[in-house]
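Trainee: Can we go through this model together? I'd like to start with the helices.

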Amino acid sequence: MGTPENLSGGTGGRREPLRFDQDASATAVDMDTAIVLLGAGVTAITHPLLYVKLLIQIGHEPLTPTVGTTMFGRKVLYLPGFFSYAQHIVRVDGKMGLFRGLSPRIMSSAISTMVRSKVKQAVPAEQAEHVSNRDDLKTSLRKVMKETSHEMVIQCLSRIATHPFHVISVRCMAQFVGREVKYRGLFSSITKIFNDEGIGGFFVGVVPHILGEVIFLWCCNLLAHFINTYAVDDNVSTFSQAPAVRSYTKFVMGIAVSVLTYPFMLVADLMAVNNCGLMDTSWKNTIVTRWQTCCSC
């Protein structure tokens with residue numbers, strides 16, 4: 001007959017994996033919570049910038065241009081910048097007016113974090129291995145394509161899950177133009193869109209948004225891969241800091257590629273506010289005008 005010590009020792013050995021799993025899951029939850037809180041903070045800090053950008057996108061120009069000169073001495077008209085626009089919003093709505101439409105964006109950020117975490121747990125990606133030898137280009141390219149495909153699935157699912165909140169946020173901010181209150185809170189906006197437009201109203205503009213993000217992801221990853229493979233070589237003495245250079249390649253490529261994919265994001269935002277019941281009906285022409293402007297640049 002076993003003693004209590006033996007019994008406790010035997011069961012203790014079986015309980016260790018369970019305790020380890022619980023600790024691992026608790027750590028994952030803590031990490032997700034920290035990411036959600038960090039994302040909410042960053043979203044709140046950057047919201048005034050996106051608010052001003054949206055008002056410019058939909059063609060709202062309440063301030064008159066100022067006369068200035070270029071570096072060559074030529075007189076030109078300058079449109080107001082961010083600080084002038086922000087001061088105008090504060091004069092009209094107060095300081096809290098800079099955060100109109102913030103709550104749907106925070107909700108969108110939190111849902112995006114949770115969706116990404118769950119998808120990564122359900123479909124784990126292969127461990128990334130650095131391959132700098134040009135003889136292994138086919139192998140490394142295949143690995144990059146697999147990783148990018150995995151990121152694309154996560155990005156698409158995240159966008160589909162969070163796009164309704166993006167639509168609500170954009171419409172809340174666009175109300176500033178006509179001083180309307182049709183979209184007030186998060187839940188009332190959900191009810192309003194569902195009653196007026198049905199389920200499809202929550203996904204207006206989702207196609208160009210997904211296309212822009214997919215094109216951005218593939219172009220950024222492939223360009224960064226080819227630059228790191230061909231332009232940055234570990235065997236060349238000039239690139240003694242090759243690992244540091246590689247760490248910044250994707251960031252720089254992201255800035256460059258975002259210029260090319262910006263028209264998709266612009267059209268997605270304008271589609272979200274077009275024919276949504278707000279007073280300003282000029283957004284149909286704005287969509288065409290802004291698209292032509294982006295394509296001609």
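Mentor: A word on terms: buried means under 20% relative accessible area, exposed over 50%, and partly exposed in between, with a 1.4 Å probe and protein chains only. Helices are DSSP runs (H or I, at least four residues), numbered from the N terminus. This is a predicted model, and local features need pLDDT of at least 70. Residues are numbered from 1 along each chain as its sequence is written.

Trainee: Which residues of α5 are buried?

Mentor: Leu 186, Ser 189 and Ile 193. They cover an arc of only 60° around the axis, so they sit on the same side of α5; the arc is that of the directions from the helix axis to the C-beta atoms.

Trainee: And which exposed residues are on the face turned away from that?

Mentor: Phe 187 and Asn 195.

Trainee: What follows α5?

Mentor: Gly 198, with a positive phi near 80°.

Trainee: Now α2. Which residues are buried there?

Mentor: Tyr 85, Ala 86, His 88 and Ile 89. Down the axis of α2 they fall within an arc of 155°, so they line one face of the helix. The face turned away from the buried side of α2 carries the exposed residues Phe 83 and Arg 91.

Trainee: What comes after α2?

Mentor: Gly 94, whose phi is also positive, near 85°.

Terms used: This is a predicted model: local features need pLDDT of at least 70, side-chain atom pairs count only at pLDDT 80 or more; totals for chains, interfaces and linings use all residues. Side-chain values use heavy atoms; hydrogens and water are left out. Helices (H or I, at least four residues) and strands (E, at least two) are DSSP runs, numbered from the N terminus.
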